[in-house]
Amino acid sequence: MTALKERLAQLIATAGPISVSDYMASCLFDPDAGYYTTREPFGVAGDFTTAPEISQMFGELVAVWAYSAWAAMDRPMPMTLAEIGPGRGTLMADMLRTLDRLDTGFVTRARIALIEASPRLAALQNERLASGRGRPTWFSEIGALPATPLVIVGNELFDALPVRQFVRTASGWRERVVGLDNDGALRFMAGAAGIDPALLPHGAMDAPEGAIFETAPAREALMAGISARIVRDGGAALFIDYGHLRPGLGDTLQAVRKHAYDDALANPGEADLTSHVDFFALARIAQAHGLEVRTTTQGAFLVGLGLLERAGALGAAADEATRERLRGEVERLAGPEAMGDLFKVLCVTRKGTVLPPFAAQG
Ligand code: SAH
């Protein structure tokens, strides 16, 4: 049993079941035993591989997007180029290298900001980015960023923020909680208290017993904070994650450990715990702030920004083995069977600004 599992079981035995959201927050960010605070999640030796870790082309194309966002604002300086949830710092490293080529001086004139919740990962990012041009500063939250126009990106950030779950029971909808079964093992169950029907989607009252609905107050609060910043100071935001463009019912909480699915209650703190991002809910928040929102799939986004051309350029002077590797990377990032369709992109700008690869009438 993991140390965190024992601690959670004791807590539940003493104080009663905890919400799925509190369970997820403990598993990911417990200061002593949380997944992101203590473990090395990324890469072959870790638990999962993210797009920037698959290919440098991902960060290069996101850099092209970021540069267009700045150009569309008439190139203000000072400005802040930020990433939230930078993991190992690979995306920002690839972006800074590309931006430095696009426009010498940009990365030293812009403020480079990284927002990271895990001190351990922040140290890793520092190591990774220390030698490059464009020196980042670390911030604990969006509210602490300098008050300048802001271009902000985040890859696989929202899926790591906790969700609440509700479950339909014979006596109505209840918060889904983590409690203990008769043997003292962690188990999902329906909580005692009813919930405000306003939180439920249209048609929820007709859902069958056992149906599950998710909402993510932490994601929505972050989206609201970023939207308010863009309204106040100008800027643009780009978020990439796996999830859905339309709202719906369903349990999407999943644990991943060593590149395989794990039982979400089996190894608290030792498995990554995520849930699919409801892009519809995030888009609605940005729109409520009067902002322009575009969504698409990761595949369409990357191909629209020139993924195939970039792979061709990198491959032109390379040997056949390298070209084969590049073809594989394109397939993993953009192929419909791989990340291309499952991963979605949300682009937020001020009203009237539409950035590549989104067509003006799109
Ligand atoms: N973007 C990286 C890492 C994704 S994993 C990549 O694509 O490889 C999620 C990252 O978000 C981790 O760095 C995690 O510590 C960070 N994170 C999670 N919640 C956060 C929050 N509320 N604020 C800032 N960073 C957060």
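Arg-229 is buried, and Asp-233 is buried as well. Both belong to a predicted model. The two side chains form a salt bridge, with the closest N and O atoms 3.1 Å apart. Both residues sit in helix α9 (residues 217–233). They are 4 residues apart, about one turn of the helix.

**Salt bridges**

Salt bridges that share partners also build a network, which joins Glu-60, Asp-94, Arg-97 and Arg-310. In the whole structure, a search finds 17 salt bridges. Three of them are set out here.

| Pair | Closest N and O atoms |
|---|---|
| Glu-60 and Arg-97 | 3.0 Å |
| Arg-229 and Asp-233 | 3.1 Å |
| Arg-176 and Asp-251 | 3.7 Å |

Take Glu-60 and Arg-97, whose closest N and O atoms are 3.0 Å apart. Glu-60 lies in helix α5 (residues 56–72) and Arg-97 in helix α6 (residues 90–102), so this pair ties together parts that are 37 residues apart in sequence. Glu-60 has a relative accessible area of 3% and is buried. Arg-97 is partly exposed, at 30% relative accessibility. Glu-60 and Arg-97 are both members of the network, along with Asp-94 and Arg-310.

Next come Arg-176 and Asp-251, which form a salt bridge with the closest N and O atoms 3.7 Å apart. This pair links distant parts of the chain, 75 residues apart. Arg-176 is in strand β7 (residues 172–180). Asp-251 is in the loop between β10 (235–244) and β11. Arg-176 is buried, with a relative accessible area of 12%. Asp-251 is partly exposed, with a relative accessible area of 40%.

**The sheet of β11, β12 and β13**

Strand β11 also belongs to an open sheet of 3 strands. The order is β12-β11-β13, and the pairing is antiparallel. β12 (260–262) and β13 (272–274) are the edge strands. Each has a single partner strand, so one side of each is left without a neighbour in the sheet. From one strand to the next, the twist averages 40°.

Strands of a sheet pair through backbone hydrogen bonds, in either a parallel or an antiparallel way. Here, β11 (residues 254–257) and β12 run antiparallel and are joined by 3 bridges. Val-256 has Tyr-261 in β12 as its bridge partner.

Key: Residues numbered from 1 in each chain as written. Predicted model: local features only at pLDDT ≥ 70, side-chain atom pairs only at ≥ 80, totals over all residues. Heavy atoms only, no water. Pairing = 2+ DSSP bridges. Helix = DSSP H or I, 4+ residues; strand = E, 2+ residues; numbered from the N terminus. Axes fitted to C-alpha atoms, helices over the stretch in contact; angles between N-to-C directions. Salt bridge = Lys/Arg side-chain N within 4 Å of Asp/Glu carboxyl O. Buried < 20%, exposed > 50% of the residue type's maximum accessible area, 1.4 Å probe, protein only.
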